[in-house]
Amino acid sequence: MSTINYSEKIPNNVNLSEDRTLQRALESWQPNFINWWDDVGPEGSTNFDVYLRTAVSVDPNGWAQFGHVKMRDYRWGIFLNPGDASREIHFGDHKGEKAWQDVPGEHRANLRRIIVTQGDTEPASVEQQRHLGLTCPSQYDLRNLFQVNVEEGRHLWAMVYLLHKYFGRDGREEAEALLQRQSGDQDNPRILGAFNEKTPDWLAFFMFTYFTDRDGKFQLSALAESAFDPLSRTTKFMLTEEAHHMFVGESGVSRVLQRTAQVMNDLKTDDPKKVREAGAIDLGTIQRYLNFHYSVTIDLFGADQSSNAAIFYSSGLKGRYEEGKREDDHVLKGQTYKVLEVHNGQLVEKEVPMLNALNEVLRDDFIKDSMAGVARWNKVLEKAGIPTRLTVPHKAFNRQIGALAGIKMSPDGRVVNEAEWAAKKGEWLPTPEDFAFVASLMGRVVDPGKFAGWIAPPVMGINRQPVDFEYVRFG
Ligand SMILES: [Fe+2]
Ligand SMILES: [Fe+2]
């Protein structure tokens, strides 16, 4: 089961050829997917041969193989982690029962909604990133962008497989709709807010892959606990791929900081104007980008109190992050959790039933994980002798969803009035000038081993190749 059959039109490890109806349905979706890729996938990349990894097995040791391929010929396919026939549901009201190999009728609508919502984010990020190849800071970075893009495409396949196999006609319709919605479209946008934002430049891309792909990690981890076994197995394999996306973001921002610190040291200045004149990105701009991407991403976890979250958990559809490592009863009835609310203009903590606060629990897990990487970014500054530190803004800063939406909050956690917000917004969130400045740095550097002036080279290449390897052949 763990080897992948590449002799078929759709590579898979789910014995697709044994289910002719499903195979035909997916084979008829496949050209629509390729059309979508051609229309809104990476711009102008059709003739490029890209040094990509392709999944060849779901064995954690040696699951991928590297080679130059044209992206539209990438072997997108269906790969599930190996199943365990004795697997039991380990949380919620069905705890101790056998995991489901099929969708129970009473959970069908909710499961479909969960799968569609996850599936919608995958093509969305490809759309958001489609112009970035035109302004890549190096071949190495261009290759990483394309790797992320093809894997998001594969993640779409993962969700479409579940829709086709387990949800009949509705599932097929949803699979079509996943190719029809478009990021930022006025009439038919992607489902979640952050996936309709622009990713206009490479600093935004690195912040997106650090923060927003990390939202993916937490959502997929929660779904990997699901009682619906095929969902659990497919999301486990998606997590293997997701790790690289977050690496691209974390190392990307580190390299930007490294370059900025070098310019600051060379010029012995912390004046943002001088840093900019020297062609590097000032720390204030990096902090404002961080504030934006962080706040938009934590909105993705949903309302702080949600009866749906409680239903999803109790019915076994979606667990908590690392459910199996937690030392409680995994049912959570009668337990409470603290959420924030605004009372008379002040933030106050309020205890609410934990089952209703599971979005907040997942958001808090995400926040902890995010902060660890920001601390690693600060090490870059510390090592370079720069006293400034990046910080993550307060959880209530710039929120659009949940009880904190609509209140005005400074990044350091003070409730502020409209006037202060209006006066300080430009210090807290990227301004049109910031975007214009960063855009002005975005040239296109494609000579092997050469890097744009605003970013340091990486320490190592991909798959032990040298940094100046020809990662993309332009054809
Ligand atoms: Fe993904
Ligand atoms: Fe991702």
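**Helices and strands of the predicted model**

Helix H8 (residues 283-298) has 16 residues and spans 22 Å from its first C-alpha to its last, close to the 22 Å expected at 1.5 Å a residue. The expected span of a helix is 1.5 Å times one less than its number of residues. Helices (H or I, at least four residues) and strands (E, at least two) are DSSP runs, numbered from the N terminus. H8 is mostly covered, with 15 of its 16 residues buried. A residue is buried if 20 or more other C-beta atoms lie within 10 Å of its own, exposed if 12 or fewer, and partly exposed in between; C-beta atoms are placed from the backbone.

The model is predicted: local features need pLDDT of at least 70, side-chain atom pairs count only at pLDDT 80 or more, and totals for chains, interfaces and linings use all residues. Residues are numbered from 1 along each chain as its sequence is written, while chains are lettered from A and ligands numbered from 1 in the order in which they are written.

Two packed helices are described by the angle between their axes and the distance between the axes. Helix H5 (residues 202-223) packs on helix H6 (residues 229-267) at about 155 degrees, and their axes are 8 Å apart. H5 is therefore roughly antiparallel to H6. Axes are lines fitted to C-alpha atoms, for helices over the stretch in contact, and angles run from 0 to 180 degrees between N-to-C directions. Angles under 35 degrees count as roughly parallel, over 145 as roughly antiparallel, 65 to 115 as roughly perpendicular and the rest as oblique.

Three strands form an open sheet in the order E2-E1-E5, with antiparallel pairing. Its edge strands are E2 (64-70) and E5 (472-473), each pairing on one side only. Two strands pair if DSSP finds at least two bridges between them. Strand E1 (residues 49-55) is joined to E2 by 7 bridges and to E5 by 2 bridges. Val50 stands opposite Val69 in E2, and Val472 is the bridge partner of Val50 in E5. Ala55 has Ala64 as its bridge partner in E2. E1 is mostly covered: 5 of its 7 residues are buried.

Strands E3 (residues 336-343) and E4 pair in the antiparallel sense over 8 bridges. They form a hairpin with 2 residues between them, and Asn344 in the turn has a positive phi of about 50 degrees. His343 stands opposite Gln346 in E4. Strand E4 (residues 346-353) is hardly covered: among its 8 residues, the count of buried residues is 0.
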